[in-house]
Amino acid sequence: MAEKEDIQIEDDFIAEDDDESSEAPVEVAKTNLTKRRIIDNLLEERRLQKQLNDFDFDL
């Protein structure tokens, strides 16, 4: 019976480590996604601004 208890303790310890390590990449992924969206928005704004500047309004 003592062996089974030891195994349960080890499993719990491993499970706690997995829970802690899985939270950090999610936060990093969120910040990376946010940065990517900001960059995409800035690039789109530049493209649209260039189209406005190139547009011939004297049609």
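## A partly exposed aspartate

Asp-40 has a relative accessibility of 32% and counts as partly exposed (buried means under 20% relative accessible area, exposed over 50%, partly exposed in between, with a 1.4 Å probe and protein chains only). The model is predicted: local features need pLDDT of at least 70 and side-chain atom pairs pLDDT 80 or more, while totals for chains, interfaces and linings use all residues. Residues are numbered from 1 along each chain as its sequence is written, and side-chain values use heavy atoms, leaving out hydrogens and water.

## Overall fold

The chain has 1 helix and 0 strands; helices (H or I, at least four residues) and strands (E, at least two) are DSSP runs, numbered from the N terminus. Of the 59 residues in the chain, 0% are buried.

## Salt bridges

The count of salt bridges is 2, each being a side-chain nitrogen of Lys or Arg within 4 Å of a carboxyl oxygen of Asp or Glu. Asp-40 meets Arg-36 in a salt bridge, at 3.1 Å from N to O. Arg-36 is exposed, at 52% relative accessible area.

Glu-44 forms a salt bridge with Arg-47, with the closest N and O atoms 2.6 Å apart. Both Glu-44 and Arg-47 lie in helix α1, 3 residues apart. Arg-47 is partly exposed at 47%, and Glu-44 is partly exposed at 35%.

## After the helix

Phe-57 is found in the segment after α1 (2–54). With 60% relative accessibility, Phe-57 counts as exposed.
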